[in-house]
Structure formats: C-alpha cells, structure tokens
Amino acid sequence: MATALQEMADGGEVVNLILARRDSDSEDLGALCDQASSLGVEMIEVSDNDISRMAVGVVVGQNIPEALALVGRTPNGSLEEVLARGGLVWLLHGITYTGNAGFSVRTAEISGADAVIIDGEFSHDERRNAERQSVRAHRFIPTIWEKSETAIKLAKAAGFRVLAIEDVGEVEPWDCDLTGNILCVVGSERHGVPEWLLESADEIIRLPMTGFVPSYNLQVAVSVVALEALRQRR
C-alpha cells in the first residue's frame with residue numbers, strides 16, 4: 001500500500017486524505033501511515049462500516065479494504081483558499097435547521113461540489129449536530145461558517161458567477177450554465193433568498209412547479225441543482 005501511495009504521488013495524482021481502518025493491526029497499513037506522514041497526507045481512522053460504504057464494489061462486512069484514498073478534492077481550507085482553487089461552491093444563507101445544513105453538506109459532497117459555506121446562527125453544539133446529520137461528509141469537503149455578505153464579495157472578486165435559487169427566477173436548472181466557477185445560493189427555510197442577495201446574483205434559477213404548495217423544501221432545491229450541475233460538469 002505504501003508503494004502504491006508513492007507511485008500515485010510520483011505520477012502526479014493528488015492524494016489529499018487517506019481513510020484507515022480503525023484498530024487494524026495490518027503491517028501494510030502501518031507502513032502506509034508512515035508513508036502518508038512523510039508525504040504530508042492527512043489520515044483519518046474510520047470504522048469498518050465507513051470503509052465498506054465508501055469503497056466501490058465492496059459488500060458491507062466483506063473483504064473490507066484497509067484504507068481508501070481521497071483523490072482530487074482538497075477536503076479543507078479557508079474561504080479564500082477555496083475560492084482560489086475554483087469550482088462549484090454552495091452558500092446556504094440564513095438556514096435555521098441543522099438537518100437541512102447536514103443534508104446539504106452531504107449532497108454537495110457526493111455530487112462533486114468543492115465547498116459549502118453556511119451562514120446560520122448555530123451554536124457550537126448545533127454545528128456538531130449538523131455535522132453528524134451530514135453523515136460526517138464534512139470530513140471530505142471544506143465546510144466554512146461565514147456571513148453571506150463576505151462570501152458574495154470574495155466570490156465575485158475571485159471571478160465566480162453567483163447563481164441564486166428562488167421561485168422568482170426565469171431559468172430552469174437544465175437551461176442554466178452550471179459549469180465553471182459558480183457560487184450556488186439557497187435561502188432560509190422561511191424567508192428564502194433575500195432581495196439584496198438576489199440583486200447580487202448573475203442569474204436566478206427557478207425549479208418548475210405545478211402544484212398548489214408554493215415552494216419546495218430546501219433539501220429538494222439543493223438536490224435538483226446539485227445533480228444537474230454534476231451532469232453538466234462531467
């Protein structure tokens with residue numbers, strides 16, 4: 001395993017994080033840990049269940065690999081560092097429910113986003129609860145707690161297009177360009193995206209609706225746009 005890690009590094013493959021089986025006594029895994037340390041690669045110990053769920057083609061509880069490598073995305077960084085790297089970043093403005101925050105982080109991570117910014121008045125314990133409800137996906141994607149005003153200002157300065165998701169929009173997700181450096185914004189559960197933020201947006205996306213209830217749940221909005229962005233960016 002240590003040799004494979006060195007070969008990946010020599011070949012230009014960027015390994016940013018390694019997940020290692022907790023309580024493993026494998027000598028190969030020990031050597032991998034030493035090699036990762038020498039290369040400056042962070043390692044996280046995880047359960048067998050975590051490894052099984054994340055590994056491709058592995059049945060839970062059977063033939064569990066000793067380690068997995070996170071390739072490509074950098075799992076941490078400041079807001080400035082995230083924006084300098086570019087990509088797709090989510091901004092959750094004014095959300096109040098930890099479940100929605102956690103779900104959005106999980107959806108952003110699995111759909112290939114590069115970071116999530118959360119502007120919400122959560123206590124320390126509520127933030128930890130949101131992380132738990134993300135199924136710990138925050139370990140694999142930068143999750144930054146910052147005010148929307150700062151995020152918008154820095155994103156625009158970094159050349160990002162700002163795309164707000166709100167029912168006053170005129171373009172549907174599949175008709176909107178979701179490639180390049182974009183900041184996708186969803187608003188609070190009760191009040192949505194505020195007027196000042198809509199005015200800052202380069203485009204406003206509207207999800208089509210035909211029923212009587214006037215809006216989708218925040219989680220639906222994130223999921224629909226995240227999947228369409230994944231399709232376009234592949």
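Me: Which residues of helix 5 are buried?
Reply: This is a predicted model, and in it the buried residues of helix 5 are Thr98, Asn100, Ala101, Gly102, Ser104, Val105, Thr107, Ala108 and Glu109.

Me: And what do those buried residues pack against?
Reply: They pack against strand 4 (88–93), strand 5 (115–119), helix 6 (124–133), strand 6 (143–145) and helix 9 (218–233).

Me: How many residues does helix 5 have, and what is its reach?
Reply: Helix 5 covers residues 98–110, which is 13 residues, and from its first C-alpha to its last it reaches 18 Å, close to the 18 Å expected at 1.5 Å a residue. Helix 5 is followed by Gly112, which has a positive phi, near 90°.

Me: Switching to the sheet, what is the strand order?
Reply: The six strands form an open sheet in the order 6-5-4-8-7-9, with parallel pairing. Strand 6 and strand 9 (203–205) are the edge strands, each pairing on one side only, and the twist averages 25° from one strand to the next.

Me: How many bridges pair strand 4 with strand 8?
Reply: Five bridges, in the parallel sense, pair strand 4 with strand 8 (residues 182–186), and the partner of Trp90 in strand 8 is Cys184.

Me: How many aromatic pairs does the structure hold?
Reply: The structure holds one aromatic pair. It is formed by Phe122 and Trp145, whose ring centres are 5.6 Å apart and whose planes are at 65°, so the pair is edge-to-face.

Me: Where in the chain do Phe122 and Trp145 sit?
Reply: Phe122 is in the loop between strand 5 and helix 6, while Trp145 is in strand 6, 23 residues apart, and the pair thus links distant parts of the chain.

Me: Is Phe122 buried or exposed?
Reply: Phe122 is buried, because its relative accessible area of 9% is under the 20% cut-off.

Me: Another topic: what is the phi of Val135 and of Arg136?
Reply: Phi of Val135 is near 60°, a positive value in a residue other than glycine, and phi of Arg136 is likewise positive, near 60°. Most residues other than glycine have a negative phi.

Me: Where is Val135, and where is Arg136?
Reply: Val135 is in the loop between helix 6 and strand 6, and Arg136 also lies in that loop. Val135 counts as partly exposed at 30% relative accessibility, as does Arg136 at 37%.

Me: Last one, which domains does the chain have?
Reply: The domain assignment gives domain 1 (4–71) and domain 2 (79–233), with 30 Å separating their centres, taken over C-alpha atoms.

How values were computed:
Residues numbered from 1 in each chain as written. Predicted model: local features only at pLDDT ≥ 70, side-chain atom pairs only at ≥ 80, totals over all residues. Heavy atoms only, no water. Domains from an automatic or database assignment. Helix = DSSP H or I, 4+ residues; strand = E, 2+ residues; numbered from the N terminus. Expected span 1.5 Å × (residues − 1). Buried < 20%, exposed > 50% of the residue type's maximum accessible area, 1.4 Å probe, protein only. Contact = heavy atoms within 4.5 Å. Pairing = 2+ DSSP bridges. Axes fitted to C-alpha atoms, helices over the stretch in contact; angles between N-to-C directions. Phe/Tyr/Trp six-rings, centres within 6.5 Å; stacked < 30°, edge-to-face > 60°.
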